[in-house]
Amino acid sequence: MKIAQKNTQHLASIDAGRYLTSLIGQPWERDGLHCWALVRQVQQDLFGRDLPPVLDVAPDGRSAKARLFNGHPERRRWQAVERPQHGAVALMVRKGARIDFFEHAGVYFDLDGGGLLHVDHPHGVVFDDLFVFRSARRWMDPVFFISRD
């Protein structure tokens, strides 16, 4: 399932809160709406950034996902930042994994106190504040990236 296309012109003409609300609850799909597909769609719709399909289909296995996220040339276009910024891409590591073993992605929004928009199975698209994300979802603190462009 692809996120519905909007007839809008990026963040200036989109109510980001309303846009996110329209996504909440959409189901995760291996060959459709997986975490990177959501990141790509949101970055395009709200920020006008065209990101490549790092993951066309969500691969089986944590190692396969980590290799794709860590080794893709797109990473050179982004720089890590210490504090989350509105629209930053967040890459995540499961608790107990190596710190560079990124296997999940989302987008940070400075809305409702700040939080991550991401999608996984079985939750679908959710907007989690960082406390819930770390405690209930079993992830370490995300690493936030902003575009160098």
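What percentage of the 149 residues of the protein chain count as buried? The value is 46%, where buried means under 20% relative accessible area, exposed over 50% and partly exposed in between, using a 1.4 Å probe and protein chains only. The structure is a predicted model, in which local features need pLDDT of at least 70 and side-chain atom pairs count only at pLDDT 80 or more, while totals for chains, interfaces and linings use all residues. Residues are numbered from 1 along each chain as its sequence is written, and side-chain values use heavy atoms, with hydrogens and water left out.

Read from the N terminus, the order of elements is α-α-α-β-β-β-β-β-α-β.

The six strands form an open sheet with antiparallel pairing, in the order β1-β6-β2-β3-β4-β5. Two strands pair if DSSP finds at least two bridges between them. At the edges are β1 and β5 (124-128), each of which pairs on one side only. From one strand to the next, the twist averages 35 degrees. Helix α2 (residues 35-47) packs on this sheet and touches β1, β2, β3, β4 and β5, contact meaning heavy atoms within 4.5 Å. The direction of α2 makes about 30 degrees with that of β3; axes are lines fitted to C-alpha atoms, for helices over the stretch in contact, and angles run from 0 to 180 degrees between N-to-C directions.

Strand β6 pairs with β1 (residues 78-81) over four bridges, and Trp78 stands opposite Ser147. With β2 (residues 89-92), β6 pairs over three bridges, and here Val89 faces Phe145 as its opposite residue. Elsewhere in the sheet, three bridges join β3 (residues 104-109) to β4, with Val107 opposite Leu117.

Strand β4 (residues 115-120) also contains Asp120. Asp120 counts as buried because its relative accessibility is 11%. The side chains of Asp120 and His123 are joined by a polar contact of 2.9 Å; such a contact is a pair of N or O atoms within 3.5 Å, where within protein one must be able to donate a hydrogen and the other to accept it, and residues adjacent in sequence count only if both atoms are side-chain atoms. Leaving aside neighbours within four places in sequence, Asp120 is in contact with Trp28, His104 and Arg137.

How values were computed. Helices (H or I, at least four residues) and strands (E, at least two) are DSSP runs, numbered from the N terminus.
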